[in-house]
Amino acid sequence: MKKQLIIIAVPLLIFYSCSKSKTPNVTPGQTGGVTTYVGNGTAGLVNASGTGAELNLPVDVAVDISGNLYISEKGNNVIRKVAPGGSVITFAGDGTAGYKEGTGTAAEFNGPEGLILDDVGNLYVSDSQNNVIRRITPAGVVSTYAGNGSLGHVDGSATTAEFAEPNGLAIDKARNIYVADFFNNVIRKISATGAVTTYAGSGLAGKVDGPAASASFHNPSGITIDGSGNLYVAEASNNDVREIMPGGQVSTFATVTIDGSGNLYASCNNNTIQKIASDGTVSTYAGDGVPGYSDTSLLLSEFNAPAGVISNSQGVLIVADYNNNRIRVVTP
């Protein structure tokens with residue numbers, strides 16, 4: 001019997017470095033646990049149902065309003081689509097590292113990472129090694145949304161702007177897209193009309209809070225946005241999360257991905273998923289901290305370099321388990 005995807009609403013994603021909490025919010029054996037939704041662990045490009053499919057270094061995940069799951073795969077240079085029943089297809093990309101526009105498997109990507117959907121079903125992809133942001137329509141038509149393909153830091157129109165290995169993406173209600181521009185150490189903004197600007201960060205690698213233009217970041221990797229327009233940025237090198245308020249003020253925050261109850265979730269480089277309650281309490285939500293693969297209760301489960309994570313209002317998560325070549329579901 002095929003498993004049904006249990007996450008329909010999609011708030012967010014994030015990835016950053018953190019240390020395992022000493023105050024877990026659940027105990028081994030408590031209700032809830034980790035299961036595998038897609039992938040059999042073998043690195044490959046095989047379309048099948050559920051654990052019959054093969055993935056290769058899944059980085060990020062997104063879910064549309066119909067419950068279809070999208071996966072960016074850095075190892076395969078493709079975007080996969082998983083129907084609610086668990087059937088996996090290659091949605092875009094031919095599996096070759098390259099840069100080609102086209103429809104579906106006629107297109108090419110090079111190191112796709114961040115994913116985000118807009119309110120009409122367009123999927124945006126950080127094509128990191130091509131230094132561009134791509135857009136995929138619901139029909140699978142792939143085009144370049146922003147960036148000219150050159151490695152650089154240039155603001156301007158969508159066709160003249162330059163990025164430096166863009167990572168995480170976030171989108172607001174006005175369809176402005178925010179980009180964690182990894183090697184430029186800044187956050188970029190792509191307006192709904194295609195104009196690219198530097199939203200926050202001086203471009204100098206560092207950790208300085210304050211006004212957006214003078215603040216500094218160091219390798220921003222993940223990014224998400226809440227309902228009030230506050231951005232949360234995970235930094236790979238500073239090992240923290242920064243908050244950018246709508247007015248542009250940057251401060252150091254302690255948390256990341258938000259569910260409908262105000263709880264935040266973060267996939268961590270110590271192979272755990274951390275939960276930060278609305279009162280700021282940090283606890284280990286899933287994973288024993290050992291790199292491995294185990295589907296079991298929350299704190300006895302094992303991940304291997306978990307990356308993108310999305311949540312619903314009930315605290316159910318989908319995790320791109322990067323080195324395990326699987327998509328895992330975490331149920332409270």
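Biologist: How many aromatic pairs does a search of the whole structure find?

Modeller: Five aromatic pairs turn up. Keep in mind that this is a predicted model.

Biologist: Why is the pair of Y70 and F91 called edge-to-face?

Modeller: Two values decide it. The ring centres are 5.4 Å apart, and rings pair if their centres lie within 6.5 Å. The planes stand at 65°, and over 60 degrees counts as edge-to-face. So the pair of Y70 and F91 is edge-to-face.

Biologist: What makes this pair a tie between parts of the chain?

Modeller: Y70 is in strand β4 (residues 69-73), while F91 is in strand β6 (residues 88-92). The pair therefore ties together parts that are 21 residues apart in sequence.

Biologist: Are Y70 and F91 buried or exposed?

Modeller: Both are buried.

Biologist: What makes Y265 and Y285 an edge-to-face pair?

Modeller: Their centres are 5.2 Å apart, against a limit of 6.5 Å. The angle between their planes is 65°, and the label needs over 60. Y265 and Y285 are therefore an edge-to-face pair.

Biologist: Which strands does this pair tie together?

Modeller: Y265 belongs to strand β22 (residues 264-268) and Y285 to strand β24 (residues 282-286), so the pair links parts 20 residues apart in sequence.

Biologist: How do you know that Y265 counts as buried?

Modeller: Its relative accessibility is 1%. Buried means under 20%, so Y265 counts as buried. Y285 has a relative accessible area of 2%, so Y285 is buried too.

Biologist: What puts the charged end of R328 over the ring of F303?

Modeller: The charged end of R328 is 4.8 Å from the ring centre of F303. The distance limit is 6 Å, and the charge must also be within 35 degrees of the ring normal. R134 likewise lies over the face of F109, at 4.9 Å from the ring centre.

Biologist: Why does D60 have no salt bridge?

Modeller: The nearest side chain of opposite charge is K74, 12 Å away.

Biologist: What lies 2.9 Å from a polar atom of the D60 side chain?

Modeller: The backbone nitrogen of L115 does.

Biologist: How many helices and strands does the chain have?

Modeller: Zero helices and 27 strands. Of its 332 residues, 57% count as buried.

Terms used:
Residues are numbered from 1 along each chain as its sequence is written. This is a predicted model: local features need pLDDT of at least 70, side-chain atom pairs count only at pLDDT 80 or more; totals for chains, interfaces and linings use all residues. Side-chain values use heavy atoms; hydrogens and water are left out. Buried means under 20% relative accessible area, exposed over 50%, partly exposed in between (1.4 Å probe, protein chains only). Lys and Arg count as positive and Asp and Glu as negative; His and the chain ends are not counted. A salt bridge is a side-chain nitrogen of Lys or Arg within 4 Å of a carboxyl oxygen of Asp or Glu. A polar contact is a pair of N or O atoms within 3.5 Å; within protein, one must be able to donate a hydrogen and the other to accept it, and residues adjacent in sequence count only if both atoms are side-chain atoms. Rings of Phe, Tyr and Trp (its six-membered ring) pair if their centres lie within 6.5 Å; planes under 30 degrees apart count as stacked, over 60 as edge-to-face and the rest as tilted. Helices (H or I, at least four residues) and strands (E, at least two) are DSSP runs, numbered from the N terminus.
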